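Open the model in your viewer and keep the selection panel at hand. The stops follow below.

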Amino acid sequence: MTTTLTPPAAPAPAPVAASTVPAVPVRLRTPIVLAVLTLLTAVMAWATRPGHSTVRISTDADSIQIAPLAIPGPPAAWVLTVGVAVAAGLAFWYALGRRKVPTWLVGLAGLFAFLTVLVLISSGKSQVVPITGLLFGTLFLATPLVFGALSGVVCERVGIVNIAIEAQLLFGAFAAAVVASVAGSSYWGLIAAPLAGVAVAALLAWFSITYQVNQIIVGVVLNVLVVGLTGFLFSTVLRETPGLNDPMRLPVLPIPLLSEIPVIGPVLFRQNLLVYLMYAIVIGLQVMIFRSRWGLRLRAVGEHPKAADTVGIDVIRTRWRNTLLGGAIAGLGGAFFTVASNLAFGKEMTAGKGFIALAAMILGRWSPKGAVAAALLFGLAGQMQGLMSTLQVPVPSQFLAMIPYIVTIFAVAGFAGKVRAPAAEGIPYVK
Amino acid sequence: MTTTPSSPGAAPEGEPLGPEPVSDSPLAGGSQPEAPQQTRTESFLHQVMSSSWVLTLGAVVLAILLGAVLIVATDAEVQATASYFFARPSDFFAAAWRAASEAYIALFQGAIYDSNATSFVRAIRPITETLTIATPLILAGLSIGLGFRAGLFNIGGQGQVILGAIGATWLGFALHLPVGLHLLVALLGAAAGGAIWAGIAGVLKARTGAHEVIVTIMLNNIAGFFVLWLVYTKYFASKTPGVSKPIQSTAMLPKLLPDPFRLHLGFVLALAIAVGVWWLMERSSLGFKLRAVGSNARAARTAGISVAAMTVAAMAISGALSGLAGGTLVLGTEGKLSAAVVGSIGFDAITVALLGRSKPLGTVLAGLLFGALAAGGRLMQTRTGTPLDLVLVLQSFIVLFIAAPPLVRSIFRLPAPGSGKRPTRAKQATVPTEQAGAAA
């Protein structure tokens, strides 16, 4: 409701209008954050060891090979620092003009700061920073998070808190592994996984919509149930019967031409079907939630179910259907852990990814676009752990692993702008 | 600002804030559909059958039946007999009965009394194991239950238990104090660790409105990584990788029974704290305020209660209890800290609190039940090969059924509380939290 949106009111101190039009306060939070970031970047640039950072852009599979670049460390870091400083200056200019600081500016400053970190940790070292590999790994780690977060977006937009994302991912992973093994084709796994997610979502919907049990309780319990159930079946049926749980692989389908673009090609267009499906779902949801009749109804039910009911939208049915849809999306994401990773099913193999997905959804402010950005950020944090250990940076990997969670806490505490959940979220609808 | 303490369209929040209503839903603080006419014709039997105890029993029975289905369906022998089911169905039923009953008998023997044991000590060891395992579950369950009644969803038991274990271990090996005092200090350290960790979520909720569910889930993960890092630091690490220095014997909780038994004073402490929590919530003015905020934050604010202060207080007390749970783990049984010590106590505690309906007595009983399931599950796994995961399935089924009283009632054809004619799909307890999601 009250976003940082500022009306284009004239800042001129017109003495007559001043009493009637309330003065719009100058919001300096974002510029100050960027100024602090500038300082941090400067410190990092100052601490950068003399030498070169070697960056490799091409992968071995590329047809166009680009030789590894040797970038002089300290100068590069200082250039990037100047970049962040300029962004901070622009942000002050926007803010003092009582305008909203554009998101791209913040993103750009973040990118510069991140690159400075890369320079800082790699400068003067013999190890190569594989940029393409880093980005590919980021997308790889982000894939289940994107699916989970999108599931959360759909469910929460319709007013159902989906804490059971973890359960849906896990059950999807389980079903994908088993069905793909039995059918002998990993594609069958992609069909089974969403159905498994729907099964979990159906329980969520049944208890929380039909029986109006608290949604968070149901979600928490479903997580335990699916861990127990898949663990039980894993230790009994899957272990005793061979051929039920084999590592299956989704073939990589390079898109002709596009996959030959340096950096972008190998990262985005040399992927398996699951990732391509993810692109489609992200774009589809982003458009549909905000531009279609279905999306309007979805949001109406999540924001003000009574009003939606008044205009003839069946609240209960809308909630049921979209909770199932959300379950299908998360279940499909579960296939990532088994068939898309060439792994057999293992106990609790989702390892809390569902909760990070939940965090990504919140950080992305309940929009598909934002959820993807947050998931990629978390994926990058995961990749940085690996890179830092290769570069022998003396920072414990556990602290890097904490970053997504700390960022999320800051986000929900409102340090990163206002985050607002759908208004009717978590409240059962009683006619 | 957009929060509504109760669900829209629910029954008017007309109940007094005094004694807790006998709610049949897992979360107290809900509005019970008022019986329009509690006539004399309503028999004693009707009252018994509609009570929450029968409902709990029904949920447990249902869960056990569903668990049996799972055991039977995955049993190799049963599958063999199923192939000629129509030729000789009796074989199938005999095999099915044997599979299920063997597993459950082993579960019982591992939890209460092992009649197959060779010696008396071994025979009664299971019950003491149950009590030992139940100790942290009771404490953490009390913690979550207290949060529920104050209207807070403390999903962060796990993180608070971890911080409690860290606090207890640190003070346990670092200090050199006389016997009783050292234990006391270590326990206080455990409580403080949990209280601080939960307090973060409480302060953020009170000051910025950050939803405690999200914050505590995140804090759980942060705590998990923190302990993973901590046990490898020079200060904590022992010669065994991933395990801390041993806690000094002066800080350990004394054993209640001689050596083969693990039962320690922590169990008595847990019972005492349960009584303390009962007193706090039912008899003290702080407890009254906490419950008032949990029942209806707006009304409480109007009555002059500081909702923010109560939120922080509830989280801190809740965290202290969870921290103590972690303390009893390391000070009672383990004697040292490792990342695996905590297990999933914090999450189990949520189900314990739900099963115990957030009341101290109920939580103690639920903790004992879950302790029994955990202790029995181990024996079941070794004796019959039924995986321990069955226990998780049983636990989650029990809680699911308890959370949906109309479901269990319709299955067992139990009457609803209040008027027998009233449809069972009535208003249930509303969300204890004002609202899920991060309302800024």
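What percentage of the 440 residues of chain B count as buried? Select chain B: the share is 56%. Buried means 20 or more other C-beta atoms within 10 Å of a residue's own, exposed means 12 or fewer, and partly exposed lies in between, with C-beta atoms placed from the backbone.

Before moving on, note the ground rules. This is a predicted model, where local features need pLDDT of at least 70 and side-chain atom pairs count only at pLDDT 80 or more, while totals for chains, interfaces and linings use all residues. Residues are numbered from 1 along each chain as its sequence is written, and chains are lettered from A and ligands numbered from 1 in the order in which they are written.

**Chain B, overall.** Colour by secondary structure. Chain B shows 16 helices and 0 strands. These are DSSP runs numbered from the N terminus: helices are H or I with at least four residues, strands are E with at least two.

**A helix pair in chain B.** Select residues 265-283 (H9) and 360-384 (H14) of chain B. Their axes lie 9 Å apart, at an angle of about 155°. Axes are lines fitted to C-alpha atoms, for helices over the stretch in contact, and angles run from 0 to 180 degrees between N-to-C directions. H9(B) and H14(B) are therefore roughly antiparallel, a label for angles over 145 degrees. Show side chains: B:Leu271, B:Ala274, B:Val277 and B:Trp278 of H9(B) meet B:Pro360, B:Thr363 and B:Val364 of H14(B). Contact here means C-beta atoms, placed from the backbone, within 7 Å.

**The interface.** Show both chains. Here 52 residues of chain B are in contact with 53 residues of chain A. On the chain B side, H8(B) gives the most, with 11 residues.

**Helix H4 of chain A.** Select residues 103-122 of chain A. This helix has 20 residues and reaches 29 Å from its first C-alpha to its last, close to the 28 Å expected at 1.5 Å a residue. Its buried residues include A:Phe112, A:Leu118 and A:Ile121. The buried residues of H4(A) pack against several elements of chain A, among them H2 (29-47) and S1 (52-56). Step past the helix to A:Gly124: its phi is positive, near 75°.

**Confidence in chain A.** Colour by pLDDT, the predictor's confidence in each residue, from 0 to 100. Chain A averages 84. Now select residues 1-19 of chain A, where the pLDDT is below 50. Where pLDDT is low, the predicted coordinates should not be read in detail.

Conventions. Parallel < 35°, antiparallel > 145°, perpendicular 65-115°, else oblique. Contact = placed C-beta atoms within 7 Å. Expected span 1.5 Å × (residues − 1).
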